[in-house]
Amino acid sequence: MNKSYKLRIYPNDEQIELIEKTFGCTRFIYNYFLNQRIEVYKIEGKSTRYTEQQNQLPKLKKEFPWLKEIDSTSLQMTLRNLDRAFKNFFRDKNIGFPKFKSKKITKKSYTINYVNNNIQIKKNRIKLPKLKWVTAKVHRFVEGRIVSATISKSPTKKYFVSIITELDIEPMAEVDGKIGIDLGIKHFAIYSNGQKVENPKYLRKTLEELAKAQRKLSKKQKFSNNWYKAKKKVAKLHEKVKNQRQDFLHKLSKRIVDENQVIILEDLAVKNMIKNNKLSKDIADASWHKFYSYIEYKSKWYGRTVHKIDRWFPSSKTCSNCGYVMENMSLNIRKWDCPNCDTKNIDRDVNASMNILKQGLKELNIQIVA
Ligand SMILES: [Zn+2]
């Protein structure tokens with residue numbers, strides 16, 4: 001299975017020069033060999049294979065020494081692209097005949113192949129052949145083995161790199177675990193088995209710093225120097241929160257998917273978190289959506305079942321022991337006693353996640369064997 005990641009890069013002047021040179025060289029190669037294919041067909045009536053053209057590259061590099069200045073895999077990848085363009089054309093005549101690449105096209109790109117560790121990703125930088133380390137905005141956790149990288153320039157003159165990775169998806173052995181998960185602010189997740197997962201300390205610390213930085217920002221005079229400074233600080237901390245959160249959510253979702261065959265979640269549309277301030281609400285909200293998407297795609301890979309229960313299900317107000325539904329349950333009640341079955345000290349959150357599990361299994365028609 002493949003995944004792709006598009007990252008913004010900030011090449012320096014020297015690197016820009018080399019990137020631009022590579023755009024030019026790959027365009028030259030593309031057009032040169034497209035022309036050759038057309039000529040060979042005209043004269044010999046046969047189509048040219050990729051390997052025939054690839055074998056000509058060393059000779060061509062001698063003829064045009066400037067081709068040696070750029071990464072050689074980008075030339076091979078250009079020939080592969082050309083080959084694909086022809087294959088697509090022969091497969092489906094609605095796809096037009098391959099066109100020559102004009103100097104004027106606004107979206108330029110070239111692709112390099114991963115060989116011998118020539119592409120590496122570290123925090124805030126990426127190593128690319130010939131370019132060496134380029135400053136990058138690595139905002140996502142890159143999973144899997146790197147296959148290739150495509151360097152591109154947008155019409156607005158921003159540079160990007162798209163990384164393709166490959167993941168081995170080993171089908172996981174089935175497990176017995178079934179879990180209901182409730183999400184919260186104080187605890188990030190509460191499991192139906194009673195376990196409560198807190199946001200990690202490092203993330204909580206950054207969140208505090210962020211709240212502080214935002215308070216400071218709000219006191220500065222708008223558009224003043226100090227205001228810009230404070231704004232930059234806030235943006236930086238937002239970024240840090242995002243990265244830390246991503247890391248935490250990847251690990252957490254992986255563990256849940258490892259240990260459970262059936263995962264029951266609540267529909268996020270119903271979660272009402274009015275009680276908290278806007279910052280923690282926004283951040284929780286973003287985390288929850290990420291968390292769900294991680295759980296969902298990992299479950300798909302590994303053959304787990306994820307189910308979201310109906311949006312109107314009163315998970316907090318229902319006694320998970322007897323099913324009695326309380327009429328009112330304000331948000332500040334953390335523990336309660338069931339008037340029906342006399343269960344004492346019901347933990348609000350654990351009770352909710354137990355209900356989520358029960359309800360989910362019911363909707364999935366899975367029998368619970370106690
Ligand atoms: Zn009860």
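What volume does the largest cavity have? About 30 Å³. This is a predicted model, in which local features need pLDDT of at least 70, side-chain atom pairs count only at pLDDT 80 or more, and totals for chains, interfaces and linings use all residues. Residues are numbered from 1 along each chain as its sequence is written, and side-chain values use heavy atoms, without hydrogens and water.

The structure holds 1 cavity of 30 Å³ or more. A cavity is a set of points on a 1 Å grid over the protein atoms alone where a 1.4 Å probe fits but cannot get out. Its volume is the space filled by probe spheres set on the points. Lining residues have an atom within 4 Å of a point. Among them are Asp71, Tyr110 and Lys130.

The chain splits into domain 1 (2-166) and domain 2 (178-364), with bounds from an automatic or database domain assignment.

| Domain 1 to domain 2 | Value |
|---|---|
| Distance between C-alpha centres | 43 Å |
| Buried area (accessible area lost, 1.4 Å probe, summed over both) | about 570 Å² |
| Salt bridges (Lys or Arg side-chain nitrogen within 4 Å of an Asp or Glu carboxyl oxygen) | 0 salt bridges |

Carbon and sulfur atoms give 47% of the buried area. In domain 1, His139, Phe141 and Glu143 lose the most area to domain 2. Together they make up 67% of what that side buries. Contact (heavy atoms within 4.5 Å) joins 7 residues of domain 1 with 8 residues of domain 2.

Methods:
Buried area = accessible area lost by both parts, 1.4 Å probe. 1 Å grid on protein atoms, 1.4 Å probe; cavity = no way out; pocket = protein on both sides within 12 Å on 5 of 7 lines; lining within 4 Å.
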